Amino acid sequence: MINSVRNTVLAIINKNNYGYISPGDFNLFAKQAQLDIFDEYFIRYNQQINEENARISGTGYADIKKGYEEVIDTFSITSFLTQKTGNVYYLPSQSTTGSDYYLLNKVLCFSDGNLKGEAEKVSHSKITMLNSSLLTSPSTIFPAYTQEADEITIFPNTFNGINDVQAQYIRYPLDPKWTYVTLYGGEPLFDQTQNDYQDFELPIDDANNLVAKILQYAGISIREADVFQFGQIEEQDQNRNNI
Amino acid sequence: MTYINQRKYYTNDGVSPTNANWGSYQYVSLEDVVRNFELMYAGNHELINNQNRYQILFHAKRGIQELNYDAFKEIKALELTVYDDLRFILPSDYVNWVKLYLLKDNVLRELTENIQVQSAVSYIQSTTDTFAYDTDGTATEVESLLDSERKDGSLKSIYLNDDIDGATDPNVLYIDNDLYNYKIGARYGLNTETANINPTFTIDKKAGVINFDSTMANQQCVLQYISDGMENGDDSKISVNKLFEEYIYAYIRYAILNSKFGVQEYIVNRARKDKQALLRNAKIRLSNIHPSRLLMNLRGENKWLK
């Protein structure tokens, strides 16, 4: 998809000889645009839930929320967390689980390989009182965790083994990279066989949105207000269609 | 999570204790209650959303506690020996007592609660306002005369007289002596509600003990009591009778809606009525009123009374 998006962007920008975007710049704009759209999925998902509660949303093919869930779930990862010390574990990251997390959705606690319970996130303002409470202190079947910097602390502290804590999280999309081979005296030629090639991870129907977003960044970059405004209008049209 | 098969039910697959699953089908665990509530009654499209699980857990446990106090009829029993100190330490999960028995001569004798004070604290005292104090300025305690007399048996009872009925001389007409000194149970003004020859007791809730009179020394005592169902804090053992399962969900729903900001009053009222109706239904179910049993009771309606 990345090549067709780039070709579309270049075709629009090159009209009237507005300017040219280098592959390096395109990759930067593409990354930014993808992150923007990825972020919007969660906001739209929430809007869709509100619409369902207001009974202005349908089921079957009209089930918009299902589509959003499917896209978000393509970024879902389930992985054991790396233990730091005792009941403290590192949050998912490039160095521990292989990917940075956008949203920590679920933390599961195991003991001797058996699932004991799902840990609930508790704020720091509550955890001290919670631990002191007779009725609600975290237990093996109702564990809890707090988050601090890049770590989480599991309660009760009996969960302290290497494979005692597993997380299901939504990772960030990988940075898109349009790779190429340079030809003599000519334009760079798209080459997806290179090791660092990375296509967009968003679904194909987001191509229009990606073009609109990239055009806005490119418009600012080449100081062409028309390009920026065109991208903006295109995006608004897309969003209106999605509602 | 699946239902256990019959081998597991009867034998626990040979794992000790092998009777761990007997009768378990009557109950639903706290874990199931909280999980089912989160699945069915809390979420984006439900009345309750954005609720911390520990709040659901709290209300679930509170609901189970309330049920244990009366509706459940889950009465525990503990038998202990009462020694010379005439005390019975309340069980660790004790909330309230139901009945207390003396087990003697192969017979369970129900004991009567003594409404008089049976135990008191006393200070070392020389005049009305002169007490002995320790280094912290606290008055020094000493065993009270009431306690020592109760323990050595010299404390008189208001319920029965002291002399043994068998010692009454049938040939001597000594009405005053017979009536006032012997345990013949006919004293004028006797409190018949509480008069019996068995030991009496009082419960010192703060001290966590049951105090008896001296006739209870070295006897076997059986206490029937109720707990709050919290199983000494072991969440995995807390359960609720299935007859009350729907009530517990309704109770949690009501408790959360009632304390949540911005919930319309008619929704809170609906939840409250729902909860109360389900409690009534569950109590009726648990009371086991069967037509056949009622018939047996009615057979006594034409009985001749003397």
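## A loop residue in chain A

A:Arg55 lies in the loop that joins helix 2 to helix 3 (64-73) of chain A. The structure described here is a predicted model. In this model the phi angle of A:Arg55 is near 60°, a positive value in a residue that is not glycine. Most residues other than glycine have a negative phi.

## The helices on either side of the loop

How are helix 2 and helix 3 of chain A placed relative to each other? Their axes come within 9 Å and cross at roughly 155°. An angle over 145 degrees counts as roughly antiparallel, and helix 2 of chain A is therefore roughly antiparallel to helix 3 of chain A. The crossing of helix 2 of chain A with helix 3 of chain A is left-handed.

Helix 2 of chain A contributes A:Tyr41, A:Phe42, A:Arg44, A:Tyr45, A:Gln48, A:Ile49 and A:Glu52 to the contact, and these meet A:Ile64, A:Lys65, A:Tyr68, A:Glu69, A:Val71 and A:Ile72 of helix 3 of chain A. By type, the residues of this contact comprise 8 nonpolar, 1 polar and 4 charged.

## The sheet of chain A

Chain A holds an open sheet of 8 strands with mixed pairing, in the order 1-8-4-5-6-7-3-2. Strand 1 (76-80) and strand 2 (83-85) of chain A are the edge strands, and each pairs on one side only. From one strand to the next, the twist averages 35°. Strands of a sheet pair through backbone hydrogen bonds, either parallel or antiparallel.

Strand 4 (residues 101-111) and strand 8 (residues 165-171) of chain A pair in the antiparallel sense over 7 bridges. Within strand 8 of chain A, A:Ala167 is the bridge partner of A:Val107. Helix 2 (residues 23-53) of chain A packs on the sheet and touches strand 4 and strand 8 of chain A. The direction of this helix makes about 65° with that of strand 4 of chain A.

## Two cis peptide bonds

Most peptide bonds are trans. Which peptide bond of chain A is described as cis? The bond from A:Phe155 to A:Pro156 is cis, with omega near 0°. A:Pro156 is found in the loop between strand 7 (151-155) and strand 8 of chain A.

In chain B, the peptide bond from B:Ser16 to B:Pro17 is cis, again with omega near 0°. B:Pro17 belongs to the loop between helix 1 (6-11) and strand 1 (27-29) of chain B.

## A helix pair in chain B

Helix 2 (residues 30-40) and helix 6 (residues 245-259) of chain B pack at an angle of about 60°, and their axes are 11 Å apart. These two helices of chain B are therefore oblique to each other, and their crossing is right-handed.

On the side of helix 2 of chain B, the contact involves B:Asp32, B:Val33, B:Asn36 and B:Phe37; on the side of helix 6 of chain B, it involves B:Glu245, B:Ile248, B:Tyr249, B:Ile252, B:Arg253 and B:Ile256. The residues of this contact divide into 6 nonpolar, 1 polar and 3 charged.

## A sheet in chain B

Strand 11 (residues 200-204) and strand 12 (residues 209-212) of chain B pair in the antiparallel sense over 4 bridges. B:Asp204 stands opposite B:Val209, which is in strand 12 of chain B.

## Confidence of the prediction

The model scores ipTM 0.83 and pTM 0.82. For chain B, the mean pLDDT is 86, and 87% of the residues reach 70 or more.

Methods
Residues are numbered from 1 along each chain as its sequence is written. Chains are lettered from A and ligands numbered from 1 in the order in which they are written. This is a predicted model: local features need pLDDT of at least 70, side-chain atom pairs count only at pLDDT 80 or more; totals for chains, interfaces and linings use all residues. Side-chain values use heavy atoms; hydrogens and water are left out. Axes are lines fitted to C-alpha atoms, for helices over the stretch in contact, and angles run from 0 to 180 degrees between N-to-C directions. Angles under 35 degrees count as roughly parallel, over 145 as roughly antiparallel, 65 to 115 as roughly perpendicular and the rest as oblique. A crossing is left-handed if the near helix is turned anticlockwise from the far one by less than a right angle, and right-handed if clockwise. Contact means heavy atoms within 4.5 Å. Ala, Val, Leu, Ile, Met, Phe, Trp, Tyr, Cys and Pro count as nonpolar, Asp, Glu, Lys and Arg as charged, and the others, Gly among them, as polar. Two strands pair if DSSP finds at least two bridges between them. pLDDT is the predictor's confidence in each residue, from 0 to 100.
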